[in-house]
Amino acid sequence: MKRLIGMLCLGLVWATTPGCNAPAPTARSFSYLRLPSASKAQAFDAASQAMRERFRITRSDPAAGVIISAPDETTEAVSSGRLGDAVGVPRRIRKIATTRVTGSDTSAAVWCKVVVQQYETDERHLFEQERSLDDLPTATAADRGGATTPEQNAIWRTRQRDKNTERAILRTIAEIIDHTRKTDRKEGAS
C-alpha cells in the first residue's frame, strides 16, 4: 500500500511539474546560423532587426531568446492537389516566423523557422457531417461553433516551411553582425 501511495505521489509531482514550452530547435526543424564571435545579446538584437524588416513582431523575449511574428496573411493560388487549385482558385495563406537565439557571451547560434499555413475551416466544415458516424443532427451549438468568434473556429493546416525566407533572414542577421563589427573596429581605431 505504501508503495502504491508513493508511486501515486511521484506521478502527481511529475504531472504538475512545469515542463518546457517548446522543444529545443534542431537542424531538421529550423534553419541554422552559427555566429562564433558574436554574443547572444548581439545576435538577438540583429535577429530582432532582421525579423522587423519582414514581419510584425508579437513576442520578443530577450531572456528566453525567442522572437515570434504575427501571422502575415495573403491570398494566393496554391497547388495542394485539389480541383480548385487546377483552375487557380485563390486560397488564404499565412506565414508565421519564429527565431530563437541561443549561446553565451562569446558565441551564439540563431535558429529560424517560417511556417506556411493554409486556411481550411470551410473545407473541414463542408464534409464534417459526411465523416461522422451518426446521421442524426445531434450536434450542440458549441459543436457547430456557436458563441465563438471566427478566429477561435479557424482551422489552419501547416503546408510547408518557407526556407527561402528563413535563409534570407539568417543572411540579414549575418550582415547586421558583420556591419556592427566593422563599425566597432572603425570606432576603436579612431
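The following is a working conversation about a predicted model of a single chain.

User: What does the chain consist of in terms of helices and strands?
Analyst: In this predicted model, the chain has seven helices and seven strands. From the N terminus on, the order of the elements is α-β-α-β-β-β-α-β-β-α-α-α-β-α.

User: And how much of the chain is buried?
Analyst: Of its 190 residues, 31% count as buried. The chain exposes about 13,100 Å², and carbon and sulfur atoms supply 55% of that area.

User: What share of the contacts joins residues at least 24 apart?
Analyst: The share is 65%, taken among contacts between residues at least 6 apart in sequence.

User: Which way do strand 5 and strand 6 run, and how many bridges join them?
Analyst: They run antiparallel, and eleven bridges join strand 5 (residues 90-103) to strand 6. The two strands form a hairpin, with four residues between them. Within this pairing, Thr99 has Cys112 of strand 6 as its bridge partner.

User: What about strand 1 and strand 6?
Analyst: Strand 1 (residues 31-35) is joined to strand 6 by five bridges, and these strands run antiparallel. Here Ser31 stands opposite Cys112.

User: How do strand 6 and strand 7 pair?
Analyst: Strand 6 and strand 7 (residues 156-161) pair in the antiparallel sense over five bridges. Val116, for example, has Gln160 of strand 7 as its bridge partner.

User: Moving to side chains, how many aromatic pairs are there?
Analyst: The count comes to two aromatic pairs. In one of them, the ring centres of Tyr32 and Trp111 are 4.4 Å apart and the planes stand at 45 degrees, so the pair is tilted. This pair links distant parts of the chain, with Tyr32 in strand 1 and Trp111 in strand 6, 79 residues apart.

User: Is Tyr32 buried, partly exposed or exposed?
Analyst: Tyr32 is partly exposed, at a relative accessible area of 40%. Trp111, by contrast, is buried, at 13%.

User: What is the geometry of Tyr119 and Trp156?
Analyst: Tyr119 and Trp156 form an edge-to-face pair, at 5.2 Å centre to centre and with 65 degrees between the planes. This pair also links distant parts of the chain: Tyr119 lies in strand 6 and Trp156 in strand 7, 37 residues apart. Tyr119 is buried, with a relative accessible area of 14%, and Trp156 counts as buried at 17%.

User: Which residue lies over the face of Tyr119?
Analyst: Arg92 does, at 4.0 Å from the ring centre.

User: Now charges. How many salt bridges does the structure hold?
Analyst: It holds seven salt bridges. One of them joins Glu120 and Arg157, whose closest N and O atoms are 2.7 Å apart. The two residues are 37 apart in the chain, with Glu120 in the loop between strand 6 and helix 4 (121-126) and Arg157 in strand 7.

User: Is Glu120 buried or exposed?
Analyst: Glu120 counts as buried, at 5% relative accessibility, whereas Arg157 is partly exposed at 32%.

User: What about Glu166 and Arg161?
Analyst: Their side chains meet in a salt bridge, at 2.8 Å from N to O. Glu166 is buried, with a relative accessible area of 0%, while Arg161 is partly exposed at 22%.

User: And how far apart are the closest N and O atoms of Arg54 and Glu53?
Analyst: They are 3.9 Å apart, and the two residues form a salt bridge. Arg54 is partly exposed, with a relative accessible area of 32%.

User: Last topic: where is Thr58 found?
Analyst: Thr58 is found in strand 2 (residues 57-61).

User: Is it buried or exposed, and why?
Analyst: Thr58 counts as exposed because its relative accessibility is 51% and the cut-off for exposed is over 50%.

User: Which residues is Thr58 in contact with, leaving aside neighbours within four places in sequence?
Analyst: Thr58 is in contact with Ile68, Ser69 and Ala70. Thr58 and Ala70 are twelve residues apart in sequence, and their C-alpha atoms are 5.3 Å apart in space.

Key: Residues numbered from 1 in each chain as written. Predicted model: local features only at pLDDT ≥ 70, side-chain atom pairs only at ≥ 80, totals over all residues. Heavy atoms only, no water. Pairing = 2+ DSSP bridges. Phe/Tyr/Trp six-rings, centres within 6.5 Å; stacked < 30°, edge-to-face > 60°. Buried < 20%, exposed > 50% of the residue type's maximum accessible area, 1.4 Å probe, protein only. Lys NZ or Arg CZ within 6 Å of the ring centre and 35° of its normal. Contact = heavy atoms within 4.5 Å. Areas by Shrake-Rupley, 256 points an atom, 1.4 Å probe, with all protein chains shown as cover. Salt bridge = Lys/Arg side-chain N within 4 Å of Asp/Glu carboxyl O.
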